Amino acid sequence: MTKSEYMNALREKLQHYNRALEMEILEDYEQHFAEGLAEGRREEDIIAELGNIDDMLKEFSEEDLKQELEIMESQANQSNNYEQLYRAVVIEGLLADVEITASADDRIRIDYDNCGSKAQKMRYQFYQYERDGVFYAGVKERKGPDRHEDSAPESIWDVLSVFNQFAGWSSGDIHLNVQIPAGLPAIEIDNTSGDLRIRGIQTQKLETQCISGDLRIEDVDCKKFFGKTQSGDVEVSGIAMQLDEDTEIEIQTTSGNLAARRISAAKVYLHTSSGDVSTDRLEAGLLKVQTASGEQELVNIACDRADLRSGSGDIDAENIRGRELNAAAGSGEVELQTDMEAVEVKTGSGDIELAASARTNNIHMIAGSGDINLDLSWIEGASIASRTGSGDMSIRGYEVSGRMFNSSYGNGACQVSLTTGSGDIVVK
């Protein structure tokens, strides 16, 4: 064992004891190492002389722990009020479950509740301060004798080490309830492993970030919203922004699922890697939905332009209305029921199924090896150009021989282009 390993083990054991006693012991041991090394002795010999840590701690009674614990218990439940105009509020929940709601007046109100174990109460504390017109509050680890408040992890391994420490605590042990008055220009909330819920607040710009916790947003009045999680799920509902202003909603999650209900903005971006995306009653000028392996299930959408992208997941959009729709999937299937003027759909190996409306005047569909099924029942007339590599074609009940076929019916107003490599083409 090295000196560093020995001292780290000692600090770990001492964290449950009176802070003054902890620092006294650490200073004595550091001094012992310093004197021994100066005399040319090896670290192993100094450690052997200091002896077993557990045996040393048996010399101290529970009373040495009691004084520090009483202080921690008194700080584990706090209520605080702050009244002042700020240009931003930043809440850092760390491993706490955080709930943000609207304040009934101009005061910021914060309730901190740590109902965890004795060790947890001693390790974490509530903090608040103001700097340059920004109000900061949240949960942090208490400073040890060799750590400083403004110190930062030196490497990614330090970050992972800190994050792994949270796994030992039970979820829901620490709660942070914050009430924020309306009209603040910006609100930022960061969480590590706790859940985050925000409802009923009013601000210009709202930014949220979680690592493993879930994110839930309800009935928020703002002009910019950015939400991000790593492994947590995201549920967003009731964010209604003006479509004719510079408003924006952007939500990203890596492995969590994303659900958006009753939201609107000039720009809406929804991104997941392995998680699914589902929407209902969404309005946007520009809508972008992107998934890697997750599914897209989109219902009741009104937008000027929609861009739907998926790697291996399926895309299923029902009752999507607007001017222009572009959908692309690598190996997933695409199923669309649209009321769009122009529709372009591409897949690698997945099938395409499209039901177009009477407003549709341009359709372009390409499938690598998948089938194409196109329903033109509501179209008054179309000009159709279809091509297949090795598949069969059926155009409005007529079986086509050969690999290419051009036809027209009715007023021929809708321009349709269909291409597949080895799949079948069916137009109804």
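How much space lies in the second largest pocket? About 170 Å³. That volume is the space filled by probe spheres set on grid points, which are joined across faces, edges and corners.

## Basis of the model

This is a predicted model, in which local features need pLDDT of at least 70, side-chain atom pairs count only at pLDDT 80 or more, and totals for chains, interfaces and linings use all residues. Residues are numbered from 1 along each chain as its sequence is written, and side-chain values use heavy atoms, with hydrogens and water left out.

## The chain overall

The protein chain has seven helices and 28 strands. Both are DSSP runs numbered from the N terminus: helices are H or I with at least four residues, strands are E with at least two. Of the 428 residues, 45% are buried. Buried means under 20% relative accessible area, exposed means over 50%, and partly exposed lies in between (1.4 Å probe, protein chains only).

Contact means heavy atoms within 4.5 Å. Among contacts with a separation of 6 or more, 41% come from residues 24 or more positions apart.

## The second largest pocket

A pocket is found on a 1 Å grid over the protein atoms alone; it is an open set of points where a 1.4 Å probe fits, with protein on both sides within 12 Å along at least five of seven lines, and lining residues have an atom within 4 Å of a point.

Several strands contribute. β3 (97-102), β7 (174-180), β9 (196-199), β11 (215-218) and β13 (234-240) each supply at least two lining residues. β3 gives the most, with three.

## Nonpolar cores

A nonpolar core is a set of buried Ala, Val, Leu, Ile, Met, Phe, Trp, Tyr and Cys residues joined through side-chain atoms within 4.5 Å. The largest has 88 residues. Those with the most contacts inside it are I100, L176, F225, I239, L336 and L376. Apart from this core lies another, of 15 residues, including M7, L21, I25 and F33.

L336 has contacts beyond its neighbours within four places in sequence. Its partners are I315, A317, L325, A327, V343, V345, E353, L354 and A355.

## Helix α3

Helix α3 spans residues 43-50, and its buried residues are I46, I47 and L50. Seen down the axis, these fall within an arc of 100°, so they line one face of the helix. The arc is that of the directions from the helix axis to the C-beta atoms. Just after α3, G51 takes a positive phi of about 85°.

## Positive phi outside glycine

D132 has a phi near 55°. This residue is in the loop between β5 (124-131) and β6 (134-141). D132 counts as exposed, at 63% relative accessibility.

N300 has a phi near 60°. N300 is in strand β17 (residues 296-310) and is partly exposed, with a relative accessible area of 27%.

## Two buried polar residues

S394 is in strand β24 (residues 393-395). At 12% relative accessibility, S394 is buried. A polar contact of 3.5 Å joins its side chain to that of E399. Such a contact is a pair of N or O atoms within 3.5 Å; within protein, one must be able to donate a hydrogen and the other to accept it, and residues adjacent in sequence count only if both atoms are side-chain atoms. Not counting residues up to four places away, S394 touches E399, I425, V426 and V427.

N326 is in strand β18 (residues 315-329). N326 is buried, with a relative accessible area of 15%. Leaving aside neighbours within four places in sequence, N326 contacts A306, D307, L308, R309 and E344.
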